[in-house]
Amino acid sequence: MSNLKITSFDAKTFSDFDNHKNVFRIEDTAEGLLAFIVIHNTNRGSAIGGTRYWHYEDEVGALRDALRLSRAMTYKCAIAEVPFGGAKGVILAPNNASQEQKDAILISYAEALAELGEPFYTGEDVGLNEHDVQVLEQHSKTIVGRPDVGGLPAKWAALSVFYAMEGALVMQSGSPSFAGKKVAIKGLGGVGIDLSSLLEKAGATLVGADIIPERVERALVNHPTMEIVDSMAIHSMPVDIYSPCAMGNEFNAQTIPELKTKIICGAANNQLTTKSDGQRLFETGILYIPDYVANAGGLISVADELHPLGYSQERVESDIKRIRNTVEKIIEISIRDSVPTGEVADALAEERFLKRDIA
Ligand code: NAI
């Protein structure tokens with residue numbers, strides 16, 4: 001029997017708080033659900049963002065993650081010109097939950113979505129798979145990234161990273177061509193593997209790394225010429241483009257001096273450990289494409305499921321292609337004003353969502 005309790009949570013004292021619109025704490029002791037849904041900003045439209053299912057140490061850690069990730073979603077929506085606002089759901093996964101227990105948690109969470117008093121469109125993020133999305137979908141009308149519509153967003157995130165790379169190449173060498181270019185991909189999961197195919201087709205030489213041997217084997221089956229290197233060393237390979245597609249916090253005072261790439265462009269969220277690492281990269285002359293600009297393809301696809309005319313793969317592809325122009329614009333301003341690309345992207349996004357101009 002459900003015992004759902006949704007309360008508004010005052011997160012103003014948290015350092016990650018940035019005028020977030022709503023913070024909901026959700027608990028269902030009967031089903032083992034404990035979650036936060038954080039809505040950052042809805043100036044451009046209803047809230048959208050994935051739901052993460054993760055083993056957090058405590059509620060504070062989970063809430064911090066949700067505050068940070070929901071804010072990033074607002075920036076991503078604005079830069080990708082998607083008419084939605086940023087939000088995020090985080091579920092505190094209990095230890096050793098069976099699939100049956102996980103299903104019960106997800107059902108209770110899905111039921112909570114209808115009780116928030118405002119729409120929150122959500123779907124897969126770290127810790128949720130296609131089955132989990134189907135469970136959510138059966139119990140909520142606000143699930144996106146539905147397997148039978150746009151599908152899981154990874155392939156679209158890979159496509160946007162690819163176009164972002166083209167934009168970077170154009171600005172650096174005058175041509176979007178990958179012929180003769182070497183690209184290193186860290187993380188051969190959903191995004192990394194699709195990105196490998198796009199790059200190989202475009203004529204790039206590939207270097208790859210993953211900590212899971214099966215992922216490496218799968219990559220080699222699809223891309224026998226991929227050079228496999230150690231996960232700890234891939235960032236220091238001499239390549240034209242380095243593409244982090246694993247986890248975040250990739251660049252810091254220690255790793256940046258070890259880089260031997262001209263361009264950084266990948267899907268992993270939160271690649272810069274601190275804001276000053278953006279400045280550090282800028283000073284080294286390495287062109288950094290902000291993560292949330294490069295990986296916005298997934299968001300573009302899931303948001304399109306809510307388009308009044310219904311999902312259109314053609315529209316999704318053309319919207320994702322626009323990321324190349326956005327990247328070129330960001331680099332142009334960065335060079336003109338001598339400001340790191342991350343700061344340029346943030347300013348462009350803020351201009352859009354703070355002005356309440358629905359695109
Ligand atoms: P995934 O979980 O399918 O793949 C990530 C891969 O990285 C896994 O194969 C994992 O073994 C590997 N990995 C983890 N730590 C590593 C390390 N230290 N060295 C080498 N490999 C490592 O995830 P997915 O979907 O491919 O996403 C990749 C990144 O892109 C994640 O950071 C995700 O948050 C981000 N992202 C994904 C989107 C999507 O639609 N899937 C959209 C936007 C961002």
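Which residues do ring pairs link into a cluster? Ring pairs join Phe-9, Phe-14 and Phe-36. The model is predicted: local features need pLDDT of at least 70, side-chain atom pairs count only at pLDDT 80 or more, and totals for chains, interfaces and linings use all residues. Residues are numbered from 1 along each chain as its sequence is written, and side-chain values use heavy atoms, with hydrogens and water left out.

**View 1. Aromatic pair of Phe-9 and Phe-14.** The structure holds eight aromatic pairs (rings of Phe, Tyr and Trp, the last by its six-membered ring, with centres within 6.5 Å; planes under 30 degrees apart are stacked, over 60 edge-to-face and the rest tilted). Phe-9 and Phe-14 are edge-to-face, at 6.4 Å centre to centre and 65 degrees between the planes. Phe-9 is partly exposed at 29% relative accessible area, whereas Phe-14 is buried at 17% (buried is under 20%, exposed over 50%, partly exposed in between; 1.4 Å probe, protein chains only).

**View 2. Aromatic pair of Tyr-242 and Phe-251.** The ring centres lie 6.1 Å apart with planes at 85 degrees, so this pair is edge-to-face. Both Tyr-242 and Phe-251 are buried.

**View 3. Surroundings of the ligand.** The ligand is surrounded by 20 residues (a heavy atom within 4 Å), the closest being Gly-190, Val-191, Asp-210, Arg-215 and Ala-246. Polar contacts (N or O atoms within 3.5 Å) to ligand oxygen atoms include a backbone N or O atom of Gly-190 at 2.9 Å and a side-chain N or O atom of Asn-269 at 3.3 Å. The protein buries 78% of the 820 Å² that the ligand exposes when taken alone (Shrake-Rupley method, 1.4 Å probe).

Terms used. A polar contact is a pair of N or O atoms within 3.5 Å; within protein, one must be able to donate a hydrogen and the other to accept it, and residues adjacent in sequence count only if both atoms are side-chain atoms.
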